[in-house]
Amino acid sequence: MFARTLAAILSGLLFGAGLVVSDMIKPARVLAFLDITGEWDPSLAFVMGGALIPSSFAYLIRKRRLTPAFDDRFYVPEHGRVDRALIGGAVLFGLGWGLVGLCPGPAIAALTTGRWEVALFVAAMFAGMVLYRLTVGRPAAVIR
Amino acid sequence: MTDLNILWPLSGGLLIGLSAGLYLLTTGRIAGVSGLAASAAGLTGTGISTLGLGFLGGIPAGAALASAFLRQAEITLTASAPLLVVAGLLVGVGTRLGSGCTSGHGVCGLARLSKRSLVATSVFMIVAALTVFAVRHVFEGIV
């Protein structure tokens with residue numbers, strides 16, 4: 001359990017560092033990628049491409065292993081179907097992301113800047129997650 | 001944005017991918033920040049997750065370290081408070097309903113060739129681009 005927690009912390013550290021190095025912590029740069037008819041900044045595409053190299057490699061290694069290093073099984077969803085919840089959720093997320101240029105990872109990383117705007121966004125994001133949990137996401141009402 | 005140097009986004013992306021790969025091969029789980037955030041807050045029905053808390057705490061710490069030693073993290077945000085709240089709520093509800101965000105569906109889902117993640121990533125990218133278009137070029141100055 002201790003090794004697993006340590007691995008989670010280390011993964012988080014790498015993730016946060018990656019967001020700063022790639023400058024994805026900056027909403028203006030994300031918005032400049034999304035603004036395809038404006039002064040387009042392709043950075044986000046290189047970040048995605050760069051991330052997919054080690055990530056794809058890890059998922060390939062995963063196929064040859066029965067268990068991860070510090071747990072007795074993998075928790076990776078398989079054979080999921082595209083449903084209304086997936087599409088609806090992606091639409092709502094895309095709207096929120098496009099409005100200010102912050103998605104969960106960069107928002108949490110940007111808390112280090114000490115800006116009240118970021119803290120407000122993160123608080124609202126958690127409030128949204130609670131709202132989901134209390135409504136459509138409550139244990140008895142899993143929609144398909 | 002004229003200071004484009006692909007080495008920065010590429011190396012930052014590699015770090016993010018390393019993080020996702022490390023997390024998968026050590027804990028067996030997907031490094032999706034929205035899911036980790038929900039599990040850290042005890043909103044996934046399995047109590048408060050230590051892994052979620054660890055990962056989530058690591059993010060700002062890693063960002064602070066990188067900002068101190070590698071590249072200064074400075075951000076500008078012009079969105080008003082009500083807009084930040086609306087956007088935050090949409091991101092919170094949307095990522096839970098859609099089971100993931102840019103990291104879970106984008107980085108991890110695409111890496112494992114998940115059809116659901118490919119669909120989700122395409123949808124949120126297109127909707128976000130349309131939203132930016134509407135805000136910047138259609139309703140300019142209103143939002």
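Helices here are DSSP runs of H or I at least four residues long, and strands are runs of E at least two long, numbered from the N terminus. Keep that in mind as you go, and remember that this is a predicted model.

**Stop 1**

Chain A has six helices and zero strands. Follow the chain from the N terminus and the order reads α-α-α-α-α-α. Now look at its extent. Along the principal axes, the C-alpha atoms of chain A fill a box of roughly 45 × 40 × 30 Å. Colour by burial next. Chain A has 144 residues, and 53% of them count as buried. As for contacts in chain A with a separation of 6 or more, 41% are between residues 24 or more positions apart.

**Stop 2: annotated spans in chain A**

Zoom in on residues 42–61 of chain A. This span is 95% helix and 0% strand, with its end C-alpha atoms 30 Å apart. Move to residues 82–102 of chain A. Here the chain is 81% helix and 0% strand, and the end C-alpha atoms lie 25 Å apart.

**Stop 3: annotated spans in chain B**

The unreviewed UniProt entry lists residues 6–25, 37–59, 79–97 and 118–139 of chain B as "transmembrane region". Pick residues 37–59 of chain B. They are 61% helix and 0% strand, and the end C-alpha atoms are 11 Å apart. Then pick residues 118–139 of chain B. That span is 95% helix and 0% strand, and its end C-alpha atoms are 30 Å apart.

**Stop 4: where the chains meet**

Show both chains. How many residues of chain B are in contact with chain A? There are 101, and they touch 106 residues of chain A. On the chain B side, α1, α2 (33–40), α3 (50–69), α4 (81–97), α5 (102–111) and α6 (115–138) each supply at least two residues. The largest share, 20 residues, comes from α1(B). Colour this side of chain B by residue type: 65 are nonpolar, 29 polar and seven charged.

**Stop 5: one helix pair**

Finish with helix α3 (residues 43–63) of chain A and helix α1 (residues 7–27) of chain B. Their axes come within 7 Å and cross at roughly 25°. Angles under 35 degrees count as roughly parallel, and α3(A) and α1(B) are therefore roughly parallel to each other. The crossing of α3(A) with α1(B) is right-handed. The residues of this contact divide into 19 nonpolar, nine polar and one charged.

Technical notes:
Residues are numbered from 1 along each chain as its sequence is written. Chains are lettered from A and ligands numbered from 1 in the order in which they are written. This is a predicted model: local features need pLDDT of at least 70, side-chain atom pairs count only at pLDDT 80 or more; totals for chains, interfaces and linings use all residues. Axes are lines fitted to C-alpha atoms, for helices over the stretch in contact, and angles run from 0 to 180 degrees between N-to-C directions. Angles under 35 degrees count as roughly parallel, over 145 as roughly antiparallel, 65 to 115 as roughly perpendicular and the rest as oblique. A crossing is left-handed if the near helix is turned anticlockwise from the far one by less than a right angle, and right-handed if clockwise. Ala, Val, Leu, Ile, Met, Phe, Trp, Tyr, Cys and Pro count as nonpolar, Asp, Glu, Lys and Arg as charged, and the others, Gly among them, as polar. Two residues are in contact if their C-beta atoms, placed from the backbone, lie within 7 Å. UniProt positions are given in the numbering used here, feature names are shortened, and annotations may be inferred rather than shown by experiment. A residue is buried if 20 or more other C-beta atoms lie within 10 Å of its own, exposed if 12 or fewer, and partly exposed in between; C-beta atoms are placed from the backbone.
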